[in-house]
Every structure is written in structure tokens, then in C-alpha cells.
Amino acid sequence: MSKQTYRVCFCFRRKFKVAVAEAPAEIKDLFYLYSDNGIMTADHLHKFISVVQGDDKVNKEDAESIMETTLDEHKHLKIFHRKGLNLEAFFRYLFADINSPLPTIPKVHQDMNAPLSHYFIYTGHNSYLTGNQLSSNASEVPIIDALHRGVRVIELDMWPNSTKDNIDIVHGGTLTAPVELIKCLKSIKEHAFVASEYPVILTLEDHLTPDLQDKVAQMVTQTFGDVLFYSSTECYAEFPSPESLKRKIIISTKPPKEYLQDKSIKEKENGSQKVKDSSSFELAWGKEVSDLKQHSPEDFDENDQEDGEFLEGEDLKNEDQKLEQNNVALQYKHLIAIQARKRKGGIKEWLHVDPTKATRISLREQMLESAAMTNGTDIIRFTQKNLLRVFPKGIRLDSSNYNPLIGWMHGAQMVAFNMQGYGRPLWLMQGMFRANGGCGYVKKPDFLLQTGPQNEIFDPKKTLPVKKTLKVKVYMGEGWHLDFHRTHFDLYSPPDFYVKVGIAGVGEDSVMKKTKIIQDSWIPAWDEEFEFPLRVAELALLRIEVHEYDVSEKDDFGGQTCLPVSELRSGIRAVPLHSQKGDKYKSVKLLMRFEFV
């Protein structure tokens, strides 16, 4: 057994034994139960997978394939046995990628033929920004990154360039540096369907004159070609399905109108705010996710407008008259496949459901929270047919995010996030869209789409009975010594890890618990079990975080993941951990057990 040496001072050094990962006692007991004379054959492995792992779809041939793969991957460990797996090989199998907590081969398995309004859609906000909302650069790079992660809704803010003869993508009224629209369009065309074949929606925030709108129309049609989706009608009675829109790019924005100088409004909003130091809200891993809370009246502004909403009524008639005089702008209007309407009046008017017309509206996060407190069921009824986009409040200049569950539990399809940051809310977003093969579209639970015999709708505020309980056991972890330098967590000793595990979900389902701290170990073994009663399991996300305890400073980040409970595989699983940004570590994993009772 090797040793690690840590220098405490010039004349004093501490030595620590480097332990080798060893199967926990419960794993050893299971191995001996499902083996003979210390060897697990394909028949034994098949029985173990069926009984312990709860996977009755695996047959003997599959078990033989798993065994061959495991032995082939670990030949260098000299654990090969021609008849089957010994204890070490079985232990390595349990820690292998093939034994993941989600389906091993991600694939779309939900019905994709329902209207768009029946799905949660992976949605970005100000997708072109590389950092904060006030002074970072605009670039095509974060757009490409978002598309590679499976994001399906990209937002672009279009403004005239400095010479008024071309189009820039920039956060208007701020110090952000622009990027040319054409660069973004070409990047979207090239990378749109790398992670998913399902449609990409471009929400365009338009601050352009008619001549520049014509230029946009030419750029979009020439760049996207046959990939661009053209609607056969201005108003859908029901939105088309993701399946029917495969490998299509869809434009969603307001109809053309005269260029409005709303820059002063933006400057007034942004000028009164200061960019927060990201460390003040992120700490080591980000703020804890906040729940739905009551807002004060000043948070709720019925005139609050998203940059890119639509005209209606007399305004729209006047707009059409202008368009009749401007065939150039008509070409731009024809690109718009998903239109939305401007909010007028109070909440009831916003959420009015027109049986002949499917539409889209947008709400800032605090407006959604305010509306949810008084009109939660009306929001759900609205989102059964129509699209609702929720976006971050203006003071999130640091590109932080909010609790996405508030939108999802009310049926909001487009919960728009700043993808360039990191933190717990973004981890929840990434966790939700690991479902359904990571295609960027997740079918909403039936209870958000159904109306009862008395016209009743699901009420997120109502106390519900526990439907099932998820039992989670945290055995151990490994891989940090391979992915991190030996002094990354502590200069003077190996790390002191602990695990936080819990649920993000509706109401009382949300909770976090933690294990004991294991000191001075790169391969910590906790062997602790937790129970989580679930009332709305369909929307529950399993949160897992690893921290390194520091007695004098803030605890260090040791990895995280978030998993949709609806797709969680029962049994003993190897859970890969991710960085703060959401990138999977090469080696860091936890060995855990999941059981539904």
C-alpha cells in the first residue's frame, strides 16, 4: 500500500496511507449470495440483475455480454477468470458506466406526437452571453455549447450595428460587446442537431428597422434553407408536435413594427443595478434553491414587458396596414412560426384560453411567482394548450438563475435559464433534461394536462398524500485522486468528504439530508441510508452533492449530479458526478442503492 506525503512546514511532513477501494460488506454478502465458490457465472449475474437490480428485461445473453465487457475492461487488474466474475471483478462491474442510475443507452422513449404545449422544453436566456448580463462579451461560442448540451430554445437580441447597416447580437443598453448575427445563425445551423434531432426554437428579440428586418429575413432563409420551418397559418388552434418538427428550426418573435427606442428604459433598469460579485451568491457551489414565496405588490407589475412581445387588437390592425405598405417587412413576418401576444389587463386576461388560437406569453420569474400565489390553477389550465415562457428578473446581472420547479409545477414549457453560469438551479435544469434520452423535450406529467369531471385542475399548493418512498443508500465514493491534484482540497492532508442528498420537487417533497464526514480519505465509505417520501414523484429530482469539509473556510466543492426520479433505475448503481458547470468528471463516482417502496 503506497503513501502520500503532505508538507505541513519546512521541517515537518505528514504521511497518509493510500487506501485501495474495497467492496462494502453488503456488496460482499450479495456477491456470495449470488455466486458459487467465489465465482459469479452469467446465470448468477442474470439472477442478480433481475432480483437485486430490478431489471427483468435483461436476459442471459445480456448478462454474458456484461460479463465479457467487464472482464475485458479490467484485464490489467488480473481479475480475469474464464468461468465468471470474482469479487473484485463484480465490484468493478458495479462501479462501471454500464451500471448507471439512468438508462445506459439514452434514447427517446416518450410519446413525441403531442402538441408542443405538452412538453417541458430546454430553454436558454440571452444565449449569446459569455458571462454576466452587463459587461461580458456576446459570442457564438455559448450558443454552440448550449446546443451541444441539448438546449432547444436559443434567444438572440437583435440590434442595429454602430453604422446602422447590419445586425448585431448584443444585450441592449449594457456594456456587453456585440457579435454579428450571421455568425450566430451559421453556428446554429451547424450545431442545431448534434445533441438532438428535435426542433430548435429561436426566440428573437427584435429592435430593428424594416430595412434591417428585411436583411434578417434574407440571412435566415439563406442560412437555414430547407431546415427553416414555415407555418401554414398565422394562428394555430393547436401547436404541432416535436415529432412533426424534427430537424427543423423555428422562429418565434413579435410581428414587425416600427423600431422603438426603448433603450432608455433598459438603461434606467440596468443603471440602477450593480453587478454582484459572483462569489457572493455562488459560494463554493451556489445558493440553495428557494421555494415559492409571497411577493410584495411592487414585485407585480401588470405593465412589465418582455423585450419581444406582440401587439394585438387595434395595434395589430395598424401594424398590418403598415405591413401592406411594406412588402419587405412581410417577408420577415412570414418567417415567424410561433407568435405570442402582449399581456393586457390583469392576470385573468393574460391567462384567458382561446379555444381557436394557441399562443405564447412571457413572464418574469417574480411575476410568475406572484401569479402562482393567487392563480396557480389558471396558469396550469393556460399551459395545457398555450406556451408560457418564464425568464430571469432584471436584477440577475450576475447571470444567476431561479428555482425552475416553480415554473414546471405550473406547466410552464419554456423556463428560460442563463446557461453560462453555474449553481444549484442550473443543476436542477440539467437534471430534468437528462430525462427522455436528453433530447431537450420532456413530456409533462398527465396531471398537468388533464381536467377533472368537475373542471378541476391540479393544485400545487394543495396538501397531497405520499404515493411512494424512495430509499437511498450511499455506500462510498472514488475517483477524486485521479481527477484532482493531491493538494486540491487540503494542503496538509487528504480530503474530508461528506455527501448531501435530497429531493427537489413540489411542496413537502423538497428536502436535503447529509452523511457524516469521513476524514483524511480519497476513497470515503459512508454506508448511510435515507428515506424520501414522495407526493409528486413525476416532478421530483434527486439531488446529490459532495463537499469537502474545511474547519476554517467555506467547504470545497467535490462534485454534484441531479437525476429525474421518474427515470431512476432501482438497485445498486454507479453515480457519476459532475463539475459546477455540469461537465462529467472522468473518474469520480458514488456507489449508491435506490429502492422504491
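Colleague: How many salt bridges does the structure hold?

Modeller: Happy to walk you through that. In general, side chains of opposite charge can pair when their charged atoms come close. In this predicted model, the count of salt bridges is 22. One of them joins the side chains of Glu26 and Arg593, with 2.9 Å from N to O.

Colleague: Which parts of the chain does that pair link?

Modeller: Distant ones: Glu26 sits in helix α1 (residues 25-33) and Arg593 in strand β21, 567 residues apart.

Colleague: Thanks! Now to the helices. At what angle do the axes of α2 and α3 cross?

Modeller: Helix α2 covers residues 42-51 and helix α3 covers residues 60-73; their axes come within 8 Å and cross at roughly 110 degrees. An angle of 65 to 115 degrees counts as roughly perpendicular, which means that α2 is roughly perpendicular to α3.

Colleague: Which residues meet there?

Modeller: From α2, Ala42, Asp43, Leu45, His46 and Ile49 meet Lys60, Ala63, Glu64, Ile66 and Met67 of α3. The residues of this contact comprise six nonpolar, one polar and three charged.

Colleague: And the pockets: what volume does the largest pocket have?

Modeller: The general idea first: rolling a probe the size of a water molecule over the atoms shows where empty space is left. Here the largest pocket has a volume of about 1600 Å³. Its lining has 48 residues, and Leu102, Pro103, Thr104, Ile105 and Pro106 lie nearest the centre.

Colleague: Which element gives the largest share of that lining?

Modeller: That is β20, with four residues. Helix α3 and strands β19 (556-564), β20 (571-578) and β21 (584-596) each supply at least two. By type, the lining divides into 18 nonpolar, 16 polar and 14 charged residues.

How values were computed:
Residues numbered from 1 in each chain as written. Predicted model: local features only at pLDDT ≥ 70, side-chain atom pairs only at ≥ 80, totals over all residues. Heavy atoms only, no water. Axes fitted to C-alpha atoms, helices over the stretch in contact; angles between N-to-C directions. Parallel < 35°, antiparallel > 145°, perpendicular 65-115°, else oblique. Contact = heavy atoms within 4.5 Å. Nonpolar A, V, L, I, M, F, W, Y, C, P; charged D, E, K, R; others polar. 1 Å grid on protein atoms, 1.4 Å probe; cavity = no way out; pocket = protein on both sides within 12 Å on 5 of 7 lines; lining within 4 Å. Points joined across faces, edges and corners; volume = space filled by probe spheres on them. Salt bridge = Lys/Arg side-chain N within 4 Å of Asp/Glu carboxyl O.
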